[in-house]
Amino acid sequence: MPRGFQDKSHCPFSRASFLYKRRDLLVQESYTTQQASMDFDLSPRSAQQLFDGEAGSYHTWSSSEFPLLAEEKVGAGRLVLQPRGFALPHYADSSKLGYVLQGGDGIVGMVLPNSSEEVVLRLKKGDVIPVPPGALSWWYNNGDHSEEVVVVFLGETSKAHIPGEFTYFFLSGGQGTMGGFSTEFISRAYKMNEKEASKLAKSQTGILLIKLEPGIRMPHPNMEIGEKMVYNIDAALPDVDVRGGGVFKALTATGFPFLEEAGLSVNRVKLEANAMYSPSYTADGTFQVFYVARGTGRVQVVGIGGKRVLDTKIQAGQLLVVPRFFVVAQIADSEGMDRAVEEFASKKSVWNALSPIVSRVALSVTPEFEEFFKSNMKKTAILIPPTN
C-alpha cells in the first residue's frame, strides 16, 4: 500500500531522516504482510458437496470457507462418477491436474484450446491428466458394475473469476451457455427456426452430471494419444524408496511434457505405518497443496519467525494448503497415508550445502556437534521409517 512521508524540509539532516523513515516503513509494511499471512487458519479442510444425483457427485473447497485458497490462488475439487455417470461438456477458467483415485473404466473426452479435434482417453486408478484452461472436456464412467470413478482436481487460480475456486462453463443442460441465449440468437447462429432453436437450447434439462441409458456406446479411446496425454504415476518407478518409510514420486514436464500445457507439477507420497515425511519447503517459492487420498496422520507447519502455525491431525479426503516458503512435516498413523502433491532434512538438505563454519555459527554449536549433525543428516532421507 502506498505510504506518504513527511516533508524532508521540516527536519535537519533531511536525506538521512528520509532514508531512515523509508526503511522503517518498509520494514513495518513487510512485518504487517507477514503477520497477516500467519493469521490464516491453515487447518486441513474437507470438501463441501456441490452436487449429488444418481449419476454421481461433485465436491469443492470454497474460498469463503477456506480463505487460504484465495490467498495462494489454488483451487481443488473432487468428481465422483457412478456407473454410466456422465459429466456434461464444460470448460473452466483455470488450469488443473486430474488425479484418478479410484476406478478402471473412466473415459475423458477433451478438445484442447486452438484445436478442432476431440481426443478421447481412457482413465484408470493412478492416472494423472493435465487440463489446460479453456480446454473443453467431458468425463464418463464406462462401467456397468458398482465401482465409482473418483477424480480429484488440483490447480492454480491466478486468472480465475473467483481466486481460490474453479468456475465451470457448461455447454448444455440446466446451467448451460446454450440455454442462456434467446431463441432468436440461436436460430440465426445455427440457421434454424424458433422451434428447432428452443429444442436445441432446452432439451437437455440435466445439471452437471447425468446418467446415460444402458447400451449407449461412447467414443473409443485413442490409446496412442493417451500415452502422451495421460501418465500413470502409480505405475512409475519411485524417485525415493525407503524400506519401512515409503515411496516418493515426482512428476514434472521433463518426464511428462504434456504437463507444460497446464503449467503444473505433482508429487505422490506414500507413507508406511508410523513413517515420517521430513520437514520440507519449496525453494522456488511455490505453494504446496496436499490432498490425502488414504489414511490418517499428524501434520506440523512452521512459518515466519520459527512459529509453529499448525499442529493437527489430517485424514483421507482433506486438503491442506501450505503458504510459500513455510516448512511442513507429516507423520502417518498406524494405517499409513497416501497423498498427492525441496527437501529440508535429508541427504539433499540445505544444511549439507552450507560450509561447516556457517552451520556452526548459525546453530551456535561446537565443531564436534556440527560434524555429528552433518553425519546424521547423511544417514536420513526425506522419508523416515518409524524408530521402533
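**View 1. Phe66 in its loop.** In this predicted model, Phe66 sits in the loop that links S3 to H2; helices (H or I, at least four residues) and strands (E, at least two) are DSSP runs, numbered from the N terminus. With a relative accessible area of 1%, Phe66 is buried, a class that means under 20% relative accessible area, with exposed over 50% and partly exposed in between (1.4 Å probe, protein chains only). Leaving aside residues up to four places away in sequence, Phe66 touches Asp41, Ser43, Arg45, Trp61, Leu319 and Val321; contact means heavy atoms within 4.5 Å. One of these, Ser43, is 23 residues from Phe66 in sequence, and the C-alpha atoms of the two are 9.0 Å apart.

Two notes apply to every view here. Residues are numbered from 1 along each chain as its sequence is written, and side-chain values use heavy atoms, with hydrogens and water left out. As the model is predicted, local features need pLDDT of at least 70 and side-chain atom pairs count only at pLDDT 80 or more, while totals for chains, interfaces and linings use all residues.

View 2. Arg84 belongs to the loop between strand S4 (74-81) and strand S5 (85-92), and Gly85 lies in S5. Arg84 counts as buried because its relative accessibility is 18%, and Gly85 is buried too, at 0%. From its side chain, Arg84 reaches the backbone oxygen of Leu212 at 2.9 Å. That is a polar contact, meaning a pair of N or O atoms within 3.5 Å; within protein, one must be able to donate a hydrogen and the other to accept it, and residues adjacent in sequence count only if both atoms are side-chain atoms. Not counting residues up to four places away in sequence, Arg84 touches Tyr140, Asn141, Gly143, Asp144, Ile210, Lys211, Leu212, Glu213 and Pro214. By the same exclusion, Gly85 touches Ala55, Trp139, Tyr140, Asn141 and Ile210. Look also for Leu209: Gly85 and Leu209 are 124 residues apart in sequence, yet 6.7 Å apart in space, C-alpha to C-alpha.

**View 3. The second largest pocket.** This pocket holds about 450 Å³ of space. Its lining has 22 residues, and those closest to the centre are Leu50, Tyr58, Tyr168, Phe170 and Leu208. Strand S2 (48-53), strand S3 (56-60), S4, S5, strand S10 (136-141) and strand S12 (168-170) are the elements that each give two or more residues to the lining. By class, the lining divides into 15 nonpolar, 5 polar and 2 charged residues. Here Ala, Val, Leu, Ile, Met, Phe, Trp, Tyr, Cys and Pro count as nonpolar, Asp, Glu, Lys and Arg as charged, and the others, Gly among them, as polar. On a 1 Å grid over the protein atoms alone, a pocket is an open set of points with protein on both sides within 12 Å along at least five of seven lines, a cavity is a set where a 1.4 Å probe fits but cannot get out, and lining residues have an atom within 4 Å of a point. Grid points are joined across faces, edges and corners, and a volume is the space filled by probe spheres set on the points.

**View 4. The second largest cavity.** The volume of this cavity is about 30 Å³. Around it are Leu79, Leu81, Gly106, Ile107, Leu123, Trp139, Tyr140, Val149 and Val151. At least two lining residues come from each of S4, strand S7 (106-111), S10 and strand S11 (149-156). The lining has 8 nonpolar residues, 1 polar and no charged ones.

View 5. Strand S9 (residues 127-131) and S14 run antiparallel and are joined by 2 bridges; two strands pair if DSSP finds at least two bridges between them. Val128 is placed opposite Tyr231 of S14.

View 6. Strand S18 (residues 276-280) runs antiparallel to strand S22 (residues 327-340), with 3 bridges joining them. S18 is also joined to strand S23 (residues 383-384), again antiparallel, by 2 bridges. Tyr277 has Gln330 as its bridge partner in S22 and stands opposite Leu383 in S23.
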